[in-house]
Amino acid sequence: MIRRPPRSTQGVSSAASDVYKRQFQLPIPTFDSEHSKGSSELGQLPDWNLNDLYTSTDAKELISDLSWLEKECDEFAKDYEGKLKFLSAEEMLNCVVRNEKISSISGRVISYAGLRYYQKTTDADRAKFLSDMQEKITIFTTKLVFFSLEINSLEDEFLEKLLKENVELARYKPIFEKIRALKPYQLSDEIEKFLHDLGIVGDAWEKLFDETIAGLKFKIGDETLNIEATLNLLTDQKRKNRENATHELARVFMENIKVFTRVHNTQAKEKEIVDRWRGMPTAQMGRHLANQVEPEVVEALRNSVVKAYPKISHRYYELKRKWLGLEIMQVWDRNAPLPMESDKLVTWDQAQMIVTDAYINFDNRMSDLITPFFNKGWIDAGVKPGKAPGAFAHPTVTDVHPYIMLNYLGKPRDVMTLAHELGHGVHQVLASSQGQMLSSTPLTLAETASVFGEMLTFQQMLDQASDKTERKVLLANKVEDMINTVVRQIAFYDFECKLHDARKNGELTPSDINSLWMSVQSESLGPAFEFVDGYETFWSYIPHFVHSPFYVYAYAFGDGLVNALYATYKENPKGFEDKYFNMLSAGGSKHHKELLKPFGLDASDPEFWSKGLSMISEMIDELETFD
């Protein structure tokens with residue numbers, strides 16, 4: 001998944017938008033700590049080499065780029081503010097290209113600062129450097145807020161004329177369309193500049209959340225673990241360990257509940273104020289616009305998934321309850337390994353081979369795309385004190401390359417996480433040919449390559465299963481991943497909708513938010529579960545709610561889309577690979593309707609989502625035959 005830009009680059013300003021994206025693997029957190037298996041057991045785990053961005057925080061190239069950026073933002077404003085409506089097609093193209101370069105340079109700076117920070121979020125110097133860079137770039141780029149405001153003030157006929165006159169300018173038409181989609185919600189120039197500057201304050205609340213999460217300590221037996229290690233115990237073979245971890249997570253979350261409640265209240269209120277001033281019809285509308293997806297398409301997805309709860313999550317968890325030999329499942333059994341599941345670790349070299357083979361078996365062109373990730377320092381896989389939890393793929397800027405972060409523990413799901421993030425990496429490399437402004441893929445499509453990479457890896461492992469038991473375990477794990485990707489994320493989306501709606505009526509207490517959380521949990525998970533006291537606080541550690549409101553439906557969108565794509569691939573593989581590469585290479589230059597048309601798919605068709613959900617249901621059908 002992909003993290004949104006800092007608040008300081010959001011809104012209608014495009015100069016530095018989409019320069020800072022971060023990705024977490026939320027459905028199955030790959031959290032652990034220094035107490036996890038070390039490199040000796042898993043093999044030599046790779047570290048990042050950030051030198052392709054900058055060699056140090058005082059590198060002359062970084063200092064030079066900051067100096068150039070400050071000067072260029074000033075000159076850009078002097079050259080173009082108040083003048084866009086008088087430009088020729090060639091002059092407009094030059095304006096856009098200069099804007100794009102500003103975005104690229106600011107993106108490089110923020111990527112470097114951000115990646116250093118996520119390597120060790122507890123390091124005060126790294127946190128300060130990131131904050132300093134964000135502030136500098138916010139100040140520099142405030143002068144460019146006028147750009148998108150003036151783009152939206154242009155007459156349709158004038159802009160259409162310019163696009164017809166210059167082919168190179170016409171290539172940027174999707175950018176103009178994306179900016180102008182915000183026209184009904186645009187405020188005055190002064191207010192837009194004020195909101196741009198104020199974004200620094202919002203970023204501080206996000207850092208408070210990150211640093212609080214990274215600093216949490218949990219007592220498990222004689223050990224003191226961080227959140228990564230403790231959440232990892234929720235997938236432990238021993239039920240008592242899972243139970244102890246759940247109670248300890250609940251205890252620590254409750255101790256810090258005031259901080260988490262304050263962060264969520266502040267973030268939701270800030271969003272409500274900005275949305276109200278902009279005249280946004282719903283809290284979700286800003287996300288839909290950024291994703292370039294129609295609200296009715298998201299609603300159709302949401303309704304289809306909720307309608308399918310009984311035949312997917314409820315049915316699967318009832319099966320799992322029987323396999324575990326339980327009268328009722330507790331929440332700590334949700335991600336429990338199956339009784340027949342092996343706890344054998346997958347070394348890093350084995351994981352690399354499994355995923356690489358799956359990608360190359362799909363298409364040989366994948367070899368050149370994925371090899372640099374493994375041998376050029378583009379992956380940081382080891383678990384280290386203070387390192388950001390989870391996993392993400394960060395695209396940096398188009399003249400460098402993506403970076404992947406993992407917390408690799410050697411579990412089969414970690415192999416799937418590698419496959420997932422590598423898919424993002426491939427997508428980002430291919431889309432980079434579009435240039436900085438057109439490479440960024442809407443979130444609804446950004447999960448396509450990642451989930452497809454998971455599917456390729458899963459199908460290869462399934463085909464190579466040595467016996468019926470191994471096939472059952474693989475199928476069950478895949479179904480659980482899909483439930484976490486589709487059902488759980490839509491439940492998260494419903495929780496966010498309820499949270500933001502409730503915040504409009506006043507300050508929310510911890511009890512208020514807890515109740516909203518529980519209202520979606522029982523509905524989505526079903527009657528097989530009993531919810532232990534304290535589980536109502538588990539909303540507090542989900543980073544998306546703080547960093548990227550309403551991001552989560554993109555997971556369900558991506559999974560449903562990939563299920564439909566994969567079914568198309570199996571039905572008619574001839575020529576599929578070329579169409580797939582073309583889709584990824586398009587980046588953000590095409591709408592989802594255009595991208596899916598060559599495959600005969602349409603996300604606006606309600607049957608589209610039913611087709612994807614049916615694939616999950618059919619896997620559960622097969623699992624029922626094992627009883």
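User: Where is L198 placed, and why is L198 called partly exposed?

Analyst: L198 lies in helix 9 (residues 189–215), where helices are DSSP runs of H or I with at least four residues, numbered from the N terminus. Its relative accessibility is 37%, and since buried means under 20%, exposed over 50% and partly exposed in between (1.4 Å probe, protein chains only), L198 counts as partly exposed. This is a predicted model, in which local features need pLDDT of at least 70 and side-chain atom pairs count only at pLDDT 80 or more, while totals for chains, interfaces and linings use all residues. Residues are numbered from 1 along each chain as its sequence is written, and side-chain values use heavy atoms, with hydrogens and water left out.

User: What makes the protein as compact as a globular protein of its length?

Analyst: The protein has 28 helices and seven strands, the strands being DSSP runs of E with at least two residues. Its radius of gyration, taken over C-alpha atoms, is 24 Å, close to the 25 Å that the globule rule (2.2 Å times the number of residues to the power 0.38) gives for 627 residues, so the protein is as compact as a globular protein of that length. Of these 627 residues, 62% count as buried.

User: Which residues touch the most other members of the largest nonpolar core?

Analyst: A nonpolar core is a set of buried Ala, Val, Leu, Ile, Met, Phe, Trp, Tyr and Cys residues joined through side-chain atoms within 4.5 Å; in the largest, with 138 residues, Y316 and Y580 touch the most other members. Helix 25 (residues 553–571) gives this core its largest share, nine residues.
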